[in-house]
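This briefing covers one protein structure, topic by topic. Please look over the sequence and the coordinates before reading on.

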Amino acid sequence: MSNLLTKEQANLIVQKLMADIPYNINIMNEQGYIIASGKEHRIGQRHRGAERAIKQRQMVEVFRDTSLEKRGTNEPIILKDELLGVVGISGEPEEVRPFTKLVKSIVLLLVEELNEFSKKEKKNQQKNEFLKELLLAKEHRSEELIQRALNDYGINLQRPNRCVWSTEQEECRSLFPLHEVFEWNGNYLVFVDMEVKIDTGPAKLLVSPPRLNAGRCIKEVENTFLYLQFLQIPITHTFFTETYYFAQLFDFPMELDQALIKNVEAIYEEYHETLICFANNSTNIKAGAEQLHIHRNTLNYRIQRIYELTGKDPKTWSDLWVLMYHFAYCFKKGLI
């Protein structure tokens, strides 16, 4: 069976159109067997009219019922010289001929649309695999990877590049119309030669330093994006990753305290906003309470509860760092 016209697609078309067309519709595969029909008992049967239409590669009309054929019109479905199957509609040929052509057109439109979608999905998958290779390659890039980057995506891996990250695909396309746009974990990025000027105006971007290691650039912008999200800092303009040194902690290079992470996971949903607000306001109770729109006593109570439930005191800077590290891990884990 042609991969371009599946049984599922054919059945969906028949079910939808049978509600509006007062004749039985059959769709046959390229061997002439019925794969979808308004009369379900006929599915799997040979269709002689379809077989003739396949052989002749043109419409075949049957004007009277015989032991092998029923009246109707059978139209081959051909896309770019490839035979996908046959549409057959039972009835007087003069009456059903327009419906047959209509169903054929609908099948071709659907198949072309699905074919284009499949091509885009395949290309996106290839691009995704390319990014994964960059992340794994680090400084050890093969000649094959270097050539593929240049030939397929216009990226010269032998020169330093910046990685530019955005939550909006159209923003990447409008700012960098000559660059390949990649989708990565629901966001978008482009690789820009170090000599290309980056707009530092109202564009909402994250930009890495220029590096030969493109994989490292990806990690830097991704970690900075997570860091800003975790600290609830809105991306309102262009951010440069070198400004956010501690964002690279989102690789979690230090071993997690397994007992602590269990306690943090248990209270994360209830207390993560409180802890972040407390940290963002330099542990100032008055400022934190005002931002959270709660009484300062309420904030003091929450901070005390975090201490009681985790054994780490947010009012002590070293404990606060440990808590933030483990809360950040829970935050990233919740996004995966």
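Predicted model: local features only at pLDDT ≥ 70, side-chain atom pairs only at ≥ 80, totals over all residues.

## Exposed tryptophan, patch and pocket

Trp 317 is exposed, having a relative accessible area of 66%. The residue sits in helix H10.

**Nonpolar surface patch**

- Tyr 245 belongs to the loop between strand S10 (239-240) and H7.
- Tyr 245 is exposed, because its relative accessible area is 66% and the cut-off for exposed is over 50%.

**Largest pocket**

- The space in the largest pocket comes to about 470 Å³.
- Helix H6 (214-230), helix H7 (258-280) and helix H10 (317-335) are the elements that each give two or more residues to the lining of this pocket.
- H10 provides the largest share of the lining, with eight residues.
- In total, 19 residues line the largest pocket, and those nearest its centre are Leu 249, Leu 320, Trp 321, Met 324 and Tyr 325.
- Sorted by class, the lining consists of 16 nonpolar, two polar and one charged residues.

- The structure has 23 salt bridges, and the pairs described here are among them.
- Glu 220 and Arg 216 form a salt bridge in which the closest N and O atoms are 3.0 Å apart.
- Glu 220 and Arg 216 are four residues apart in helix H6, so about one helical turn separates them.
- Glu 220 is buried at 6% relative accessibility, whereas Arg 216 is partly exposed at 42%.
- Lys 219 and Glu 222 also meet through their side chains in a salt bridge, with an N to O distance of 3.6 Å.
- Lys 219 and Glu 222 are three residues apart in helix H6, which means a separation of about one helical turn.
- Glu 222 counts as buried because its relative accessible area of 12% falls under 20%.
- Lys 219 counts as partly exposed, with 23% relative accessibility.

**Salt bridges elsewhere**

- In the salt bridge between Arg 305 and Glu 308, the closest N and O atoms lie 2.9 Å apart.
- Arg 305 and Glu 308 are in helix H9 (residues 296-310), three residues apart, so they are separated by about one helical turn.
- Arg 305 is partly exposed at 26% relative accessibility, and Glu 308 is partly exposed with a relative accessible area of 48%.
- A network of salt bridges links Glu 61, Glu 94 and Arg 97.

**Positive phi angles**

- Phe 252, a residue other than glycine, has a positive phi near 50°.
- Phe 252 is located in the loop between S10 and H7, and its relative accessible area of 15% makes Phe 252 buried.
- Tyr 245 is found in that loop between S10 and H7 too, but Tyr 245 is exposed.
- Ser 282, also a residue other than glycine, has a positive phi near 55°.
- Ser 282 lies in the loop between H7 and helix H8 (285-292), where Ser 282 is exposed with a relative accessible area of 60%.

- Trp 317 and Arg 57 are 260 residues apart along the chain, and their C-alpha atoms are separated by 79 Å.
- Leu 299 and Asp 251 are 48 residues apart along the chain, with 30 Å between their C-alpha atoms.
- Leu 299 is in helix H9, and Leu 299 counts as buried at 0% relative accessibility.

Key:
Residues numbered from 1 in each chain as written. Heavy atoms only, no water. 1 Å grid on protein atoms, 1.4 Å probe; cavity = no way out; pocket = protein on both sides within 12 Å on 5 of 7 lines; lining within 4 Å. Points joined across faces, edges and corners; volume = space filled by probe spheres on them. Nonpolar A, V, L, I, M, F, W, Y, C, P; charged D, E, K, R; others polar. Buried < 20%, exposed > 50% of the residue type's maximum accessible area, 1.4 Å probe, protein only. Salt bridge = Lys/Arg side-chain N within 4 Å of Asp/Glu carboxyl O.
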